[in-house]
Structure formats: C-alpha cells, structure tokens
Amino acid sequence: MQASTNNNITFECETGNYHTFCPISCVSWLYQKIEDSFFLVIGTKTCGYFLQNAMGVMIFAEPRYAMAELEEGDISAQLNDYEELKRLCLQIKKDRQPGVIFWIGTCTTEIIKMDLEGIAPKLEADIQIPIIVARANGLDYAFTQGEDTVLAAMAHRCPNQEYKNLNISKPENHKLIIFGSLPDTVVKQLSHELFKQNISIKGWLPAQRYSELPTIEAGDYVIGVNPFLSRTATTLMRRKKAKLISAPFPIGPDGTKAWIDKICHVFNIVPKGLSTRENDIWKNLEEYISLIRGKSVFFMGDNLLEISLARFLIRCGMIVYEIGIPYMDKRYQKAEIELLTQTCHKMGVKIPKIVEKPDNYNQLDRIRDLKPDLVITGMAHANPLEARGINTKWSVEFTFAPIHGFTNAKDILELITRPLRRNNGLKNISDNIYITHNSKH
Amino acid sequence: MKLAYWMYAGPAHIGTLRIASSFKNVHAIMHAPLGDDYFNVMRSMLERDRNFTPVTASIVDRHVLAKGSQEKVINNITRKDKEENPDLVVLTPTCTSSILQEDLNNFVQRASIETEADVILADVNHYRVNELQASDRTLEQIVSFYINKVNRTQKLVVKKTSKPSVNIIGVLSLGFHHYHDLVDLKRLFHDLDIEINQIIPENASVHDLYKLPEAWFNFVPYREAGLLTAQFLSKEFNMPYVSITPMGLLNIKAAIKEIQGLLSELNCERNYDSYIDLQTKYVSQAAWFSRSIDCQNLTGKTAIVFGDATHAAAMTKILVKEMGIDVLWSGTYCINDQDWFREEVCELCSKVIITDDHNIIGDMIAKTEPNAIFGTQMERHIGKRLNIPCGVISSPVHIQNFPLSYKPFLGYEGTNQIADLIYNSFTLGMEEHLLDLFGGHDTTDILTDTLSSSKSVQWTREALQELTKIPGFVRGKVKRNTEKFALANQYHLISLEVMYEAKEKINS
C-alpha cells in the first residue's frame with residue numbers, strides 16, 4: 001500500500017480489486033440525454049450481456065444503442081473492419097436517421113488494436129453522418145469515467161467560432177460553458193441559479209441535441225458539474241484553449257454555494273443572497289439531518305462522486321470512515337478536496353483517508369472491524385452486507401438520481417436515509433442478522 | 001460483426017461461473033478487465049444471495065496489456081487460497097483474456113504448487129460456445145477432474161448403493177426455477193423409493209464427486225447443463241442416464257417409465273403404474289383441470305412458444321397434448337441442440353423456429369398474432385407492445401422470475417403451477433378482449449384532481465412543460481402540492497422558479 005499526504009489528507013492506493021460498472025454503461029444515460037444520438041458499442045457478448053442486464057427495463061424501450069458484436073472473423077482480422085462498420089452504420093442510418101453516431105471502443109477493440117479513430121473520419125465522409133469515437137473500456141476506466149471519454153471526444157467537435165451572420169444580437173456577457181451530462185430539469189435549475197446572479201451561460205456540453213453543441217472559443221471559461229470529468233477538462237483547456245474554473249461540485253447546498261461563489265468571483269460579481277439561500281436549504285433539510293447526525297458512513301468507492309458526497313455528509317454531521325474512489329485526479333478535484341478539508345475542520349472531525357483503487361476484500365475486513373452505520377457500495381456487496389446486519393445504500397443510484405444544485409439536496413438525503421428509515425420499521429421482526437450458520441464471514 | 005442489443009444466452013464465462021459458484025467452497029477467479037464481474041451483481045440481486053459471491057477478478061489493465069499478467073494471476077490465486085481456503089479454484093477466461101492468448105494453463109500449474117486448493121482452468125472457447133454450452137462443459141470438466149484425481153492415487157473402486165439410487169445432475173444457480181424444481185424432484189424420487197446419491201453442482205462438495213458412480217443411474221432434468229457429465233459417467237462407469245424432463249403429465253410419465261425400465265435391467269423390478277395413475281388424477285390437478293369445462297374455452301385458442309430447448313419443448317407438448325391449445329409455432333434459441341428440438345416438437349406444431357435473433361421472433365409474433373405467448377422476458381415485452389398476454393417459461397429472466405413462493409415447473413406440483421400460468425395468461429387476454437368489446441375500462445381522466453378550480457393560480461407555459469416531464473404516477477401530487485404552496489404564498493402565477501421553490505420547501 002502506498003500512501004502520500006497533502007494538506008493533512010491521507011491518500012492511499014490499494015490493489016484495484018474492486019467492483020464497479022464497466023464504463024460503457026454511460027451509453028444508458030447519454031443516449032437519453034443527447035436526443036439525436038445513436039451509440040454503437042463495438043465489443044463482444046460480454047459487453048452486450050452487461051448492458052442488457054444493467055440497463056434493466058430500458059432495454060425494451062427500443063433504445064438508441066446497439067452492439068456491434070465482434071465475431072471470430074473480426075478478431076482474427078479475416079473480415080475488414082471498415083466494411084463491417086460501414087454495413088452496420090448504414091443500417092443504423094436507414095432505420096434510425098441519427099444526427100450523430102458514437103462508437104464506443106471496448107477492451108476488445110483495444111487489444112486487437114482496431115483503428116476506430118482512423119476509420120471514423122473516412123466512414124463519416126462516406127455515409128454523411130458525424131461519427132465520434134470514445135474509448136470507454138474497462139482496461140483504463142471505471143464506470144462514470146465512460147462519460148468523461150465521450151464528452152472529451154465531443155469537445156473536439158464544438159465549433160470554434162460562431163458564424164457571425166447567424167449570431168443575431170444575442171448578448172453574450174459571460175463566456176461560460178458548463179460541462180457534464182445532467183437531466184434537463186437539473187440543467188434548467190442550475191441555469192436558473194446562475195441567472196439569479198446575472199450570469200448567462202453560453203452553452204452546455206453536452207446539449208440536448210448534437211446539433212446544439214456550444215461554440216467554444218479560446219479564452220472562454222469552462223466549469224465542470226461532476227467530479228469524474230478530468231479528461232474533458234483537460235481537453236477543453238489544451239485543445240480549445242478554454243480557461244477552467246476550479247471549484248467544488250454543485251452537490252449539496254454547501255457545494256452548490258461554493259460552485260456559484262467561484263463562478264461569481266471569476267466574473268467579478270458579488271453574489272446576491274447566496275448565503276441566505278444556502279441557509280434556507282439547510283433548514284429545510286433538518287428533518288433528514290437529524291436522522292444521520294453522528295452516524296458513520298463508509299464509501300467503498302465505485303463512481304468518483306465519493307469525495308463530494310462525503311464532504312456533504314460530513315457537513316450534515318456524519319462521520320466518514322473511509323472514502324474509497326476508483327481514480328483520484330488531485331488537480332481537477334483540488335477545490336473539492338480543499339472544501340472537504342475545511343468542512344472537516346469546521347465540523348471538528350478527522351479528515352477521512354482517501355483510498356484510491358481500493359481492494360474490496362480488504363475493505364470488507366475494515367467494515368467488519370468498524371461496523372459503520374451505513375456502507376455506500378455496489379450491488380455485488382449490498383445484500384451480503386445487509387444479511388450481516390450492516391445498512392447499505394446502493395451507490396449507483398447516486399449517478400441516476402438528480403443530486404445537483406440547491407433544489408436536489410433533499411434527494412441525496414432521501415437516498416442516504418432510506419435504509420435507516422426502513423430499518424426503524426423492521427426492528428420488530430427480528431435482529432438484523434440473516435446469514436446461514438455455515439457462512440464463513 | 002453483428003448488430004444486436006439483446007441476447008438470449010450470455011457469454012461463455014457466465015456459464016462457468018454459474019457452475020463454479022453453485023458448488024460449495026469453490027472459488028472462481030476471472031481473468032478480466034474492470035467491470036466484467038457483473039455476475040456478482042446478478043447473483044446478489046436476482047437470487048438475493050445472502051453470501052458474497054465466490055467470484056473475484058484478476059484485473060486485466062494497461063500494465064497487463066503491455067507486460068502480460070506475469071505473477072498477477074498466480075498471486076491472486078494463492079491469495080484467495082489463503083483468504084478463503086476453497087477446495088477448488090477455477091480460473092475463468094473471458095472474451096478479453098482469450099484474445100490475449102496468455103498461457104493461463106501455465107499459471108494454473110504454477111499456482112497449484114503453492115496452494116492447498118486444487119486449481120483448474122475452465123476449458124471454454126469464448127467465441128464458439130455460449131453460456132449454456134459452457135456450463136455443460138465446465139460441470140463435466142470438474143467432475144472428470146475429481147474422478148481422475150482419485151483414480152490416479154488409488155484406483156477408484158465403485159460399490160453401488162444397496163438400494164436403487166440416483167444422481168441429479170444440472171441444478172445450478174441463476175437457473176430458471178431450479179431450486180423449486182429440486183424440491184419437487186426430491187419428492188418424486190422419494191415417492192419412487194429411489195435414494196438420492198448426489199445432487200450436483202448445487203451446494204455439492206467437490207470432494208464427494210468420486211462417489212458419483214455409486215448411484216445406479218443419473219438423472220438430467222435440463223438439457224442445457226448436465227448431459228456431457230452424464231455421458232462421461234456413462235462412458236467411464238457404464239452408468240445409464242435418464243434425460244427426459246419431467247415437465248407436464250406426459251413427460252413425467254415417460255420419465256418414470258424409463259426409470260422403471262432401467263431399474264428392471266438392473267434386476268430391480270418395480271411397477272409405478274398405480275403411482276402414476278394416482279398422482280395424475282388426484283395429486284396433480286392439471287389433468288382434471290384440462291377436463292373441466294373452464295378449459296373447454298381454451299380449445300382452439302392459439303399460442304406460440306419460445307425459450308431454451310428444455311422448457312420450450314415441454315411447454316409445447318403440454319399446450320398441445322394436455323390442454324388442447326393450437327400451437328402455431330414453437331422455437332428455441334439453443335441452436336446447438338436444434339436436432340433434438342425439431343424431433344420433439346415437429347409433430348406438435350406446423351412450424352419450428354431456430355434462431356437467437358429476437359427481431360425475427362418479434363416479427364413472427366406480430367405476423368401470426370397468437371392469443372397468448374409462452375416465452376422469455378423478451379417475448380413478454382414483445383407481448384406488451386402488441387397487447388398479447390405472455391407467460392414466462394424460460395431464461396433469460398428478471399428478478400420477478402425468482403419468486404419467494406414455491407413455484408416449480410417440474411414434477412406433479414409443477415403441472416399445477418403450469419396449468420395456472422397457462423389459464424391465467426388466456427383469461428387475462430379474454431378479459432381484455434371482452435372489456436374492449438363492451439367499451440373498455442373506465443378511463444375518464446380525473447380532471448378535478450387539482451386545486452386550481454378556483455382559478456386563482458395559473459401556470460406559465462414553461463412550468464407546465466416542466467410538469468409534463470415528471471413521471472405520470474406522481475405528476476398529480478406534484479401539481480397539487482405546488483398549487484397549495486403557491487396559494488399559501490400568494491403567488492398567482494406558477495413559474496419554473498416557484499416550482500423549484502415549492503420542491504425545496506415542501507417536505508413530502
């Protein structure tokens with residue numbers, strides 16, 4: 001185990017033997033977000049099986065995604081990749097007429113070194129539909145990082161400058177682009193919060209439709225809404241010459257205030273009524289907070305939202321034992337880590353250790369010792385932990401529920417307190433141990 | 001390349017993992033990239049398993065790609081050996097690892113020097129076999145490994161049990177109603193006065209596998225997993241096997257008759273005729289049910305059947321021969337077993353469909369318009385779209401197909417459960433049909449379910465649009481709460497802002 005310290009925070013790195021979703025799962029929310037898109041995952045039956053099962057009922061709703069399932073002939077290069085992809089993409093064009101096709105590269109395309117980036121421009125010219133390539137594979141990335149690879153690839157397609165004659169008297173006082181895929185409702189809510197501070201937004205990456213991708217010019221400001229978007233941030237800075245606003249993420253009222261504060265600061269605006277707004281939200285949350293104050297929580301780590309959520313829960317009065325996280329970009333998450341440190345000082349608690357690439361087996365050992373009141377974990381461990389009397393919350397829900405902004409702070413606590421509220425009702429049945437006698441652990 | 005977004009049978013490694021995790025104290029280590037351990041989620045979710053799934057991944061990442069796994073796989077095997085003390089570690093290749101072409105067998109050899117546990121490499125080719133074929137193969141592999149192991153040290157001396165006995169082969173985790181079926185199979189053999197020697201792989205210990213030949217014969221309830229093992233035991237120990245699935249009255253009878261014949265060849269004369277008669281007439285309600293006038297109405301009704309070979313064939317036989325229903329066509333996605341399937345159903349329906357493409361099945365159902373569908377979860381959803389009722393009879397399945405209550409498909413109790421399933425599918429269809437005929441359900445929208453009748457609150461266009469995005473089942477509640485909030489705060493116009501404010505302030 002390697003450890004390093006930075007501002008009193010301990011960062012550790014374990015073996016990387018942990019459970020998470022494959023990053024190709026990002027197609028499940030991105031195809032819904034980008035309405036004119038079609039996602040083609042180029043991989044094997046294993047990828048297809050994962051998507052089919054992970055997406056549950058969504059799969060039956062004629063989703064705008066499909067597998068290009070590789071067969072033995074593709075692996076041994078007996079078939080021509082270009083011709084095969086052309087055949088499939090023409091069929092997609094005929095059946096669905098999408099505005100853009102995303103190719104999601106997988107582990108297999110990496111290993112057989114299929115030149116997707118090379119084939120795409122040729123085929124794009126051939127069939128007259130934009131093709132964007134994102135390598136969202138399990139060799140390199142975890143779960144939500146899949147969205148990061150897609151948005152980074154999309155960033156290249158953002159127009160560099162608007163056509164002057166089309167730009168009719170649209171005042172752009174702030175050159176601010178927000179990146180990160182959020183449900184439309186949350187996009188409106190956050191835009192509204194900024195509007196109240198007199199900040200207009202130039203665009204979102206991604207927009208509702210591919211054709212509405214925002215213009216990004218050198219010198220524009222960009223800010224992320226999610227902690228897992230480090231590649232996108234890097235791409236926007238290096239390739240688009242945009243300036244990144246480093247801020248905590250708008251998760252929880254504290255995070256949202258800090259996020260807006262930072263944007264206001266950059267544009268030399270004195271925020272109006274922001275503290276009152278934050279305090280009002282905290283007041284409304286009291287009913288939930290009273291349930292969790294003083295309780296302990298353990299993040300096993302699988303979706304990169306962990307730091308922000310831990311920071312919010314500490315502010316709610318919880319004690320965080322461990323923050324497991326798949327990957328920690330200390331530069332992109334700098335402001336978030338600082339807010340975490342401040343929050344710990346403010347609440348008078350020890351700063352939890354951050355465990356990168358955790359080892360689930362070791363974590364279960366620590367959980368057995370620590371007996372936290374709540375473990376935030378994936379579905380593979382949730383039921384076995386519940387059977388051992390440990391409350392769990394399924395981590396994936398945090399990626400699908402609206403959790404951003406002032407308005408949705410309640411939803412986070414709704415999720416966090418659900419197992420605690422549920423168990424209060426179950427006390428009368430029996431104790432909470434449901435394992436069979438011969439189970440070892 | 002093939003364009004697809006749904007598959008009936010999963011990738012090969014799922015089959016191997018289902019076998020490995022069914023045994024007691026067997027650990028599987030997948031040679032796989034991050035995220036391929038989705039099997040654990042399925043076990044934990046679908047079966048609501050209380051224990052941690054004994055499957056871990058030896059992660060294939062960039063470093064492995066560049067330098068090879070080197071000691072990583074071996075370390076993971078030896079580590080797991082120390083942590084969990086399994087009897088057996090099954091190294092499981094995945095589609096990713098199979099193209100890396102690392103010498104996994106070498107890792108297995110080297111690891112097994114250091115481990116207490118036995119270590120084997122699952123021998124399945126990802127690009128040639130599916131989940132079902134792989135499970136069949138892995139089960140055979142484990143059984144033959146342990147029988148050969150004993151054979152090597154001390155020549156295996158087989159002593160048959162004194163009373164007639166049987167091994168039940170092929171009950172495994174994530175199988176369609178397997179645990180319920182097992183209960184009924186146990187009862188069946190108890191009634192037939194046949195001892196159960198071993199049940200594999202479910203909760204079996206690998207160290208008992210050498211005792212398999214002590215049974216008089218083997219019983220393979222499902223064609224998808226177990227036939228290879230039965231054939232292996234037949235070849236090695238001259239053990240006969242029965243592979244008639246006891247699903248439906250006729251099949252149960254056929255299976256028992258075959259067992260009777262087989263015992264008689266082994267010089268054990270039994271006559272089960274009166275037992276069959278008693279069970280058929282009085283224990284199972286299915287035969288009487290078919291005879292009762294309710295079921296007259298099913299005569300001439302049409303259905304289609306699709307699923308794995310075992311369940312689709314048995315279901316077709318039940319519908320046609322036991323319920324008098326006209327099966328328009330019957331099909332399976334078990335392409336490798338198509339000859340057997342054709343043979344089974346060709347007399348029963350006019351068309352046999354062999355495909356693993358759900359689009360073809362969807363089109364076929366739309367074209368033939370049956371009164372009911374008996375298929376997998378995919379067919380259930382096709383049925384929903386076309387408004388045709390569907391009974392689920394085969395994997396792939398959802399969590400609702402892992403019921404808590406006792407619902408076997410095999411044995412005499414199974415016949416009752418199936419009769420209910422068939423009858424309910426059709427009556428639902430009938431009810432719907434009659435309702436349509438007589439003007440349909442009362443679908444008058446409850447328009448007064450709002451506070452805005454006083455007209456003192458109005459909605460902006462934007463806010464109304466936002467309201468439509470809220471899922472239907474809570475929309476009314478959100479609308480009323482927002483209006484209540486607006487009234488209380490003397491807002492006369494509900495804008496987006498008021499909506500959000502309401503959401504923040506109302507604790508509901």
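Hi everyone, let's start with His311(B), which sits in helix α14 of chain B, residues 309-322; helices (H or I, at least four residues) and strands (E, at least two) are DSSP runs, numbered from the N terminus. This is a predicted model, where local features need pLDDT of at least 70 and side-chain atom pairs count only at pLDDT 80 or more, while totals for chains, interfaces and linings use all residues. Residues are numbered from 1 along each chain as its sequence is written, chains are lettered from A in the order in which they are written, and side-chain values use heavy atoms, leaving out hydrogens and water.

Is His311(B) buried or exposed? It is buried, at 1% relative accessible area; buried means under 20%, exposed over 50%, and partly exposed in between, with a 1.4 Å probe and protein chains only. Leaving aside residues up to four places away in sequence, His311(B) touches Phe176(B), Tyr222(B), Met247(B), Ile393(B) and Ser394(B), where contact means heavy atoms within 4.5 Å.

Now the rings. Rings of Phe, Tyr and Trp (its six-membered ring) pair if their centres lie within 6.5 Å; planes under 30 degrees apart are stacked, over 60 edge-to-face, and the rest tilted. That rule gives 24 aromatic pairs over all chains. Phe39(A) and Phe102(A) have ring centres 4.5 Å apart and planes at 5 degrees, so they are stacked. Phe39(A) is in strand β3 and Phe102(A) in strand β5 of chain A, so this pair ties together parts 63 residues apart in sequence. Phe39(A) is buried at 0% relative accessibility, and Phe102(A) is buried at 0% too.
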